[in-house]
Amino acid sequence: MVAGKIENFPALAGEVDGSGLIQLMRDQLKGYNLRVVAADVKEANLRARPFSIVCSNGSAWETHSVIVATGAAARRLPLASEEKYWGKGISACAVCDGALPIFRNKPLAVIGGGDTAAESALHLTRFASKVYLIHRGDRLRASKIMQHRVQNTPGIEVLWDRTVAEFFGSELLEGLRLKSATTGDIRELEVCGAFEAIGHLPNTAFLSNQLGLDESGHIRCEPGTTATSVEGVFAAGDIVDKRYRQAVTASGGGCMAAMDAERWLMEKRLL
Ligand code: NDP
């Protein structure tokens, strides 16, 4: 939903963003016997069959098979000033928002030290006057090749050993107060944009540990399939994938999950 212009989805031409793509998907469903229910799932019981799904609007559903595709949310810094400037200079997606006019030819910051942070910093050099990569440690967690690129790109300066103590500005973000992780001293950095790249949290809370997860909290699937640890439950998209995280790869995963679910229902003579 929140992606900016989508450029790598085959056959999708023109200025289509995440919400535009979803509208196209909804339009495509017309004419099929499919009911779309807009509701938050509060809990799922996958221990008894048929499974049951309970929504926050009070509706409840029983089903033989489930595809979980609830995605992952960008991790955010727990600061009141971050809330204040969220969407007013702070974003968690450099690839989606980096090209916005408010960031053009301005100094920008990326927070984090992993591959996403490195990739974001490199991407932003296309638009920014300067990119600061702010990392709380003294070495990047990003892969060697990404570290090499970051350190050899003239438009990027890495600020080591720094955490964000506060975001400041007026209507829009104007800068960050950075705290040294070792000495505690504070310095101000003037930037017009800050991109948080501190990881993602898969949206699995409603599952209450009923499905097997990997060490980063993503749903673990049988390699090469969308089958989870519970027979009849399949998973697709960013809740499984920490590497590609693209609309097109998630859609492909959704297709795989639908085929796996259909095949499983047929095998069990439930369809
Ligand atoms: P990571 O978990 O790898 O990195 C998160 C970074 O954010 C770490 O450097 C961490 O610091 C830092 N961090 C976490 N919490 C805070 C905080 N509260 N304050 C300040 N800094 C914080 O996440 P990524 O999204 O970068 O990567 C996830 C996975 O996706 C990885 O496996 C990665 O390799 C992969 N990926 C691959 C890409 C590619 O191949 N091109 C592109 C993007 C992602 P610290 O290091 O100190 O823990």
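Reader: How many aromatic pairs does the structure hold?
Author: This is a predicted model, with residues numbered from 1 along each chain as its sequence is written. Local features need pLDDT of at least 70, side-chain atom pairs count only at pLDDT 80 or more, totals for chains, interfaces and linings use all residues, and side-chain values use heavy atoms, with hydrogens and water left out. Rings of Phe, Tyr and Trp (its six-membered ring) pair if their centres lie within 6.5 Å; planes under 30 degrees apart are stacked, over 60 edge-to-face, the rest tilted. By that rule, the number of aromatic pairs is 1.

Reader: Which residue lies over the face of Trp-86?
Author: A charge sits over a ring if NZ of Lys or CZ of Arg is within 6 Å of the ring centre and within 35 degrees of the ring normal. At 3.7 Å from the ring centre of Trp-86, the residue is Arg-76.

Reader: Which cysteine does a disulfide join to Cys-93?
Author: A disulfide is a pair of cysteine sulfur atoms within 2.5 Å. The count comes to 1 disulfide. Its S to S distance is 2.0 Å, and the partner of Cys-93 is Cys-96.

Reader: Is that disulfide right-handed or left-handed?
Author: Look at the torsion about the S-S bond of Cys-93 and Cys-96. The torsion is about 75°, so the disulfide is right-handed.

Reader: Is Cys-221 buried or exposed?
Author: Buried means under 20% relative accessible area, exposed over 50%, partly exposed in between (1.4 Å probe, protein chains only). Cys-93, at 24%, is partly exposed. Cys-221 has 18% relative accessibility, so Cys-221 counts as buried.

Reader: How far is the sulfur of Cys-221 from the closest cysteine sulfur?
Author: The closest cysteine sulfur is in Cys-255. It is too far for a bond, because the distance is 15 Å.

Reader: What distance separates the centres of domain 1 and domain 2?
Author: Domain bounds come from an automatic or database domain assignment. Domain 1 takes in 37–73 + 202–267, and domain 2 takes in 76–198. Over C-alpha atoms, their centres are separated by 33 Å.

Reader: What are the edge strands of the open sheet of 5 strands?
Author: Strands (E, at least two residues) and helices (H or I, at least four) are DSSP runs, numbered from the N terminus. Two strands pair if DSSP finds at least two bridges between them. The order is β6-β13-β7-β8-β9, with parallel pairing. The strands that pair on one side only are β6 (90–91) and β9 (156–159).

Reader: Which residue in β9 is the bridge partner of Tyr-132?
Author: Strand β8 (residues 130–134) pairs with β9 in the parallel sense, over 4 bridges. The partner of Tyr-132 in β9 is Glu-157.

Reader: Which residue takes a positive phi in the hairpin of β11 and β12?
Author: Strands β11 (residues 173–180) and β12 (residues 186–190) pair in the antiparallel sense over 5 bridges. The hairpin has 5 residues between the strands. With phi near 85°, the residue is Gly-184.

Reader: What is omega for the cis peptide bond of Arg-49 and Pro-50?
Author: Most residues other than glycine have a negative phi, and most peptide bonds are trans. Pro-50 is in the loop between β1 (41–45) and β2 (51–55). The bond joining Arg-49 and Pro-50 is cis, with omega about -5°.

Reader: Is Arg-269 buried or exposed?
Author: Arg-269 lies in the segment after α6 (247–267). Its phi is positive, about 55°, although it is not a glycine. At 75% relative accessibility, Arg-269 counts as exposed.
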